[in-house]
Amino acid sequence: MVTNYEGDAIEFKESLPLLPVRDLVVYPFMILPLFVGRETSIKAVEEALNNTDRLILLASQKDISAEAPAPSEIFELGTVAMIMRMRKLPDGRIKILVQGLAKARITSFEHTEPFYRVKVEKVAAPVMEVSGTEAEATMRMVRENLEKVISLGKVLSPDILMVLEDIQDPGRLADLVASNLNLKVSEAQGVLETLEPHARLCKINAILQNELEILTVQAKFKKDQDPKIKDSFIRDQIKALKGDLGDQDSDKNDEFAELREKLTKKPLPAETSKEAFKQLGRLERMHPDSSESSILRSYLEWVIDLPWTETNPEITDLVHARSVLDEEHFDLEKIKERILEYLAVRALKGSSMKGPILCFSGPPGVGKTSLGKSIAKATGREFVRISLGGVKDESEIRGHRRTYVGAMPGRFIQAMKQVKSVNPIIMLDEIDKLGSDFRGDPSAALLEVLDPEQNNSFRDNYLNVPFDLSQVMFIATANMLENIPGPLRDRMEVINLSGYSQEEKVQISKKYLIPKQMDENGITHEHIEFTDEGVETVIHGFTREAGLRNLERQIGSLCRKVAKKIASGTCSKTHIFSETVEELLGPAPYGHEEINETDEVGVATGLAWTSAGGEILKIEATKMKGRGITLTGQLGDVMKESAQAAMGFIRSHADVLGIDEDFFEKHEVHIHLPAGAIPKDGPSAGITLATVIVSLITNTPISKDIAMTGEITLTGKVLPVGGIKEKALAAMRAGIETIIIPWKNQKDLIDIPEHQRRKVNFIPVKNISEVLALALVEWKPQEEKTTTAPLRKKDGQVAA
């Protein structure tokens with residue numbers, strides 16, 4: 001047997017499974033992967049793999065769209081191949097790697113179900129009819145033509161030229177080139193059926209020459225054609241098509257002319273105008289269906305829609321502004337005064353004044369966000385709110401660059417487009433809840449927006465031109481100032497909003513909340529009447545907050561229950577008394593802040609500040625055998641250190657306080673702060689802790705009518721603390737009328753309205769001796785070593 005390229009040495013059975021191939025032709029010694037999905041084809045592959053030789057016949061379909069080709073729709077000449085590997089895919093298909101071995105012709109079909117099995121005969125290669133020199137010349141021509149085809153832009157494997165240099169057999173060279181040219185199935189089958197090697201090589205050469213002529217003409221056309229002529233030709237075609245469709249008014253409907261007209265009429269800054277017309281020119285030269293053209297259209301539409309110079313007339317009437325603010329919000333004098341100051345300066349200075357940057361800080365529900373809407377109404381400006389809670393991406397502020405798919409401007413540019421004015425009020429809600437991650441820090445991006453020296457040329461990544469934000473009035477809201485980065489907090493004018501007292505809540509309910517809920521629930525004064533007693537019951541029995549949100553919910557719940565009674569015909573009018581509230585809403589979940597019924601040893605009332613307002617803080621202490629101090633109640637490090645500082649002061653002044661020297665060697669002091677599930681921290685409980693410890697050790701009761709707050713030092717000095725107003729409101733809710741505060745906190749009392757200050761006796765102190773003299777009942781220290789005379793009880797009253 002003679003061995004040659006055509007595969008005469010390959011032996012195979014007369015009967016083989018057949019795999020019809022849709023869109024390619026497999027040549028001998030060609031290795032390639034095939035994806036098999038048809039059920040009959042998968043079974044043919046499985047049949048071949050069950051045989052030891054793993055052989056299968058690969059023949060191409062005449063109609064590639066046929067799902068189940070008939071025998072007449074399959075070419076007779078194919079290639080016997082060996083399945084080298086097989087892998088099942090998740091979608092049910094299989095992937096096989098095959099290598100062509102020899103050509104074979106189908107003589108008959110044995111069956112077509114459950115797979116194709118055919119009888120085949122080997123196709124022997126005829127002897128080459130030309131001399132070796134002529135064959136060598138043809139092979140060189142094929143290599144040269146293939147190299148030219150690649151140089152003109154035909155995408156082929158980069159290594160094919162190197163591989164062809166090592167092939168000396170004409171037939172194998174022809175098959176290798178044919179397998180890389182992506183020929184149509186009919187052309188590729190024609191090459192396969194050309195058995196004589198040199199004739200097959202000549203056919204490949206003719207295909208290459210034809211491809212070379214096409215590529216040459218194509219390259220010449222691209223080179224010679226002037227882009228302007230091409231664009232003009234396309235425009236003429238568009239106009240002709242419009243004429244055929246009956247659209248003769250092409251100038252009016254021309255998109256580019258419309259965009260150019262809008263840009264011309266728009267009063268744009270010089271830099272923005274230059275950039276916009278530049279991008280319009282690019283758009284006109286661009287293919288309308290390209291992805292970048294839609295990006296440019298969107299960009300130009302944003303430029304046209306933004307308010308570059310448009311302003312809303314501002315109201316500078318102070319009387320009108322004051323009436324609007326008073327009508328919609330109770331108290332909040334600081335903020336109202338600040339807005340009136342701005343309007344007064346604006347009226348004197350004119351439009352050249354920059355917009356203020358304010359930050360309203362306070363517990364939830366005190367009216368920070370709604371106050372921004374009232375300010376907009378009072379000043380006649382447009383209002384837009386930007387929620388910053390949970391924002392982690394810097395691009396939310398600065399926008400995305402136009403290179404990204406789906407790019408958009410940042411939230412500030414979107415807000416300016418929404419209000420169509422350069423002087424709106426933009427409320428930055430929950431600015432203390434900004435986040436940051438790998439996409440950047442949005443709080444850093446806000447530095448430019450909220451800086452009056454920079455925001456007149458804010459540059460959004462999407463627009464890539466300066467935009468003036470200097471006339472915008474920015475109002476930020478926050479619950480915790482500590483969560484705002486220092487540089488950002490420094491750019492804002494912070495105005496603190498404390499919680500409301502019970503009297504204020506009653507007035508707000510009668511003036512704002514009750515009418516609003518009655519209107520929302522479809523009832524009138526003919527159906528329901530709220531008494532002060534009933535409102536007070538809702539406030540102290542069903543809410544525990546510094547703001548008004550839960551109070552409004554409870555009032556709404558009362559209105560709904562009354563509406564239900566009226567709709568069912570069981571009642572015509574309901575008077576809301578204390579008993580009525582509990583009848584409709586059920587038992588009150590809260591009572592008055594619990595205070596001690598009697599003066600007790602080791603139990604004191606402290607005051608704490610939380611993000612929701614002030615709270616009463618109970619501190620208890622007991623002693624037992626042992627040594628040291630135990631602290632419980634989920635205390636933070638600062639509060640633990642306050643307790644240790646208080647203990648340090650007491651031990652160092654044991655002789656003054658009348659404490660036995662060996663007490664601390666024999667007893668352990670246990671301090672607990674209920675409720676144990678709530679974390680507590682801060683230094684303001686220092687004097688309360690010291691008072692509790694001294695009371696416990698000396699067995700002296702603490703007055704139940706006194707609450708206190710202040711930080712203690714090792715030398716016994718009382719240092720100032722924060723949140724005096726909120727703590728005072730908490731004490732008033734609990735019915736406590738005497739509060740001990742640090743001496744330096746007297747300046748903070750001005751924040752408490754005068755009518756509330758008159759209800760509480762604030763006693764400022766400088767050192768712990770004064771605190772003990774006030775808080776401990778019948779306190780008799782051994783001697784006084786302080787320079788400041790302590791405060792004493794006189795005739796049952798606390799006096800300085």
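Modeller: Helices (H or I, at least four residues) and strands (E, at least two) are DSSP runs, numbered from the N terminus. Counted in this way, the protein has 29 helices and 26 strands. Its radius of gyration is 45 Å, well over the 28 Å that the globule rule gives for 800 residues, so the protein is more spread out than a compact globule. Here the radius of gyration is taken over C-alpha atoms, and the globule rule is 2.2 Å times the number of residues to the power 0.38. Along the principal axes, the C-alpha atoms fill a box of roughly 135 × 80 × 65 Å.

The model is predicted: local features need pLDDT of at least 70, side-chain atom pairs count only at pLDDT 80 or more, and totals for chains, interfaces and linings use all residues. Residues are numbered from 1 along each chain as its sequence is written, and side-chain values use heavy atoms, with hydrogens and water left out.

Of the 800 residues of the protein, 47% count as buried.

We may now turn to the salt bridges. A salt bridge is a side-chain nitrogen of Lys or Arg within 4 Å of a carboxyl oxygen of Asp or Glu. A search of the whole structure finds 33 of them.

One of these joins Glu-552 to Lys-516, with 3.0 Å from N to O. This pair links distant parts of the chain, since Glu-552 belongs to helix H21 (residues 549-568) and Lys-516 to helix H19 (residues 502-520), 36 residues apart. Glu-552 is buried because its relative accessible area is 18%, whereas Lys-516, at 40%, is partly exposed.

Another salt bridge is formed by Arg-651 and Glu-665, whose closest N and O atoms are 4.0 Å apart. Here too the pair links distant parts of the chain: Arg-651 is in helix H23 (residues 637-652) and Glu-665 in helix H25 (residues 663-666), 14 residues apart. Arg-651 is partly exposed, with a relative accessible area of 46%, and Glu-665 is partly exposed at 42%. Elsewhere, salt bridges that share partners join Arg-322, Asp-326 and Lys-336 into one network.

A further salt bridge connects Glu-394 with Arg-398, and its closest N and O atoms are 3.2 Å apart. Glu-394 counts as partly exposed because its relative accessibility is 27%, while Arg-398 is buried at 18%. Asn-461 is found in the loop between strand S10 (458-459) and strand S11 (466-467). With a relative accessible area of 23%, Asn-461 is partly exposed.

Notes: Buried means under 20% relative accessible area, exposed over 50%, partly exposed in between (1.4 Å probe, protein chains only).
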